[in-house]
Amino acid sequence: MKFLLQRLAFYLFTAWAAITINFFIPRLIPGDPVTSLINKFQGQMSTEAINSLYVLFGLDKDASMWSQYIDYWGQVFRGDLGLSFTFFPTPVSEILGQSLPWTIALVGITTFASFMIGTGLGVLAGWRRGSWLDGLLPVTTFLSSIPYFWLGLIAITLLAGQGSFFPSSGGYEPGLVPAWDSEFIGSAVRHSLLPAITILISSVSGWILSMRNMMVTVASEDYITVAHAKGLSERRVMLSYAARNALLPNVSGFALSLGFIVGGTLLVEIVFSYPGIGYNLFQAVGAKDYPLMQGVFLVITISVLVANLIADVAYLLLDPRTRKEG
Amino acid sequence: MKAPVLEIRDFNVDYGLGDQAVRAVRDVTLTLHRGEVLGLAGESGSGKSTLAYGVTRLLPPPGVISGGSVIYHPPGDQPYDVMGLADAELRAFRWAETSIVFQGAMNSLNPVHKVSTQMLDVIRAHEPQLTPPARVARAKEMLKLVGISADRMDAYPHQLSGGMRQRVMIGMALVLEPQIVIMDEPTTALDVVMQRQILAQLVELRERLDFSVLFITHDLSLLVEFADRIAIMYGGRIVEEARSAELYKDSLHPYSEGLLRSFPALRGPRRELSGIPGSPPDLRGMPSGCAFHPRCPHAFDRCSTEIPVLGVPAARNDPNRSVACWLPGRVPVA
């Protein structure tokens, strides 16, 4: 328990540091968001309007850095992340609220599936070394070494296009209104298939490889021989003795990859124009949309921290050696 | 003479296949009798552990049993060959009839499971008809016998000392009351005080539960005290077999003599420690004839050409002794 509280305190500190950095970085970047907004409106703005924009975005020169910082914290706690420049005047929190479910559904499910499939195959490949499953390794390793955006583009070129089952971009059929009905969900699933498959192909081999190698290492441990000598069934030895122990490094890897669900999908969403967080970030960077960028970074930071906390707790539950007796 | 419980006949184990194969155990014939402690001694690489793993069919690849049979005599039932058992029968045979205590006291327990989980799963696998409370009672009783208090049942292995872990392993080995317990250097990783305690306990347990022990060690001094009979292995073969007192006083094979001269006696007249010159043979390129002849102080022409046969030595007309040596008086009678 004490250990958990220590970890929690550490994560709170990290969160504070991350949010502070998140506040400063956009302000240190040269260039001015209002200028880019003015450019967007191509000079059709009056001086008063420009001045009021500066005030609105909190970029008026009068406020000191410190008072801006205090204001920023107040906004973070209220969940008010400012107004987006790109989608002016929509609040950033609303944009994130729309795109986050898409990213979490697509990448969350594929990350989980990739981990389960990869670990399962890894257990078998490591346990039955030299069987046909071992032949699978070079193939998956080859597929995972292909740069992701290229794999995505190839998939679009070959499989998507006019009259194809797979749509090439978007999260659902344009014209449909998002709702919990069969038509919309069917369309969403169909749009997510191609990105999901490409993510799966490029990520599954990492899980297979690490799980297989851990299985091979664990299989030569003395307690595995003892388990065989005890006359336990092959299944029990494989799962309860070998895989149970080999799983430990993979579980922490999985928990960490949960943190990258939100942030690590930039390429997927750009290639497939998928309406998720990564695509938001791409748009925000292009338009110097500071509030949106800050919002995306905030979400990514928090999700990485939460994933780390999950990794700590999972390890604590799975490996008794890390538990400190109170 | 007592009835046999395990007969190993013409047993051969190779590592690898074909021409590249290394023959680690050659033509070993050895009988373990009911209620006896049979010691198996030799230098590292002599094939002792390989023999133990082979007998229980636990050899990791590339180890291959290339010949021989292991006849097990269950009490009050027909004997059968362990080598001929199907997988399910083999699983039932393991631990219930023959359990093993392994070398590594530290690594024999799975670090992520409680002691209780690891003791109970073997009972559940072999005696599924027992109720869970009965299983727990059995495991607790066994731990008490080896001197571990019942409240350590829920401990994880890393919370136990090395000696306690080995006691747990011994308790686990006896929990199904097997006929045979194979001990592969069970005390090697422990300090001498702990060694003595555990061995004393083992002697006590053996009198109580009446199992036979195949005790493998490189420490011949330990065996002289503890074992009823001792077999000496060299280069994958048994070179001498005798009752331990006889072997200690009157060893016939020069290699046994060398081993006995490698440790000091606590009692009796002082003698010079000489050890054995040279090093154990490379199994990939065994010397011709008697494998020991390059290191043997008494070797003569015949030793380098013909492999000596294990048999009752002519000089001691005792059916309980056998030796494989060409020296005069040690050649088999017939």
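Good morning. The domain assignment of chain A gives domain 1, residues 31-80, and domain 2, residues 92-322; such bounds come from an automatic or database domain assignment. The C-alpha centres of domain 1 of chain A and domain 2 of chain A lie 38 Å apart.

Before going on, a word on the model and its labels. This is a predicted model, in which local features need pLDDT of at least 70 and side-chain atom pairs count only at pLDDT 80 or more, while totals for chains, interfaces and linings use all residues. Residues are numbered from 1 along each chain as its sequence is written, and chains are lettered from A and ligands numbered from 1 in the order in which they are written.

Let us turn to chain B. Its assignment gives domain 1, made of 1-97 + 178-274, and domain 2, residues 108-175. Between the C-alpha centres of domain 1 of chain B and domain 2 of chain B there are 25 Å. How many residues of these two domains of chain B are in contact? There are 13 residues of domain 1 in contact with 12 residues of domain 2 in chain B, where contact requires that the C-beta atoms of two residues, placed from the backbone, lie within 7 Å. On the domain 1 side of chain B, helix H6 (residues 192-209) of chain B gives the most, with 6 residues. Helices here are DSSP runs (H or I, at least four residues), numbered from the N terminus. That side of domain 1 divides into 12 nonpolar, 1 polar and no charged residues. Ala, Val, Leu, Ile, Met, Phe, Trp, Tyr, Cys and Pro count as nonpolar, Asp, Glu, Lys and Arg as charged, and the others, Gly among them, as polar.

Next, the two chains together. Chain A has 17 residues in contact with 22 residues of chain B. On the chain A side, the elements that give two or more residues are helix H9 (222-229) and helix H10 (234-263) of chain A. The largest share, 6 residues, comes from H9(A). By class, this side of chain A has 6 nonpolar, 5 polar and 6 charged residues.

Finally, a helix pair within chain A. Helix H5 (residues 92-127) of chain A and helix H6 (residues 132-145) of chain A have axes 8 Å apart and pack at an angle of about 125 degrees. The contact is made by A:Leu121, A:Leu124 and A:Ala125 of H5(A), with A:Leu133, A:Asp134, A:Leu136 and A:Leu137 of H6(A). By class, this contact of H5(A) with H6(A) has 6 nonpolar, no polar and 1 charged residues. Thank you.

Notes
Axes are lines fitted to C-alpha atoms, for helices over the stretch in contact, and angles run from 0 to 180 degrees between N-to-C directions.
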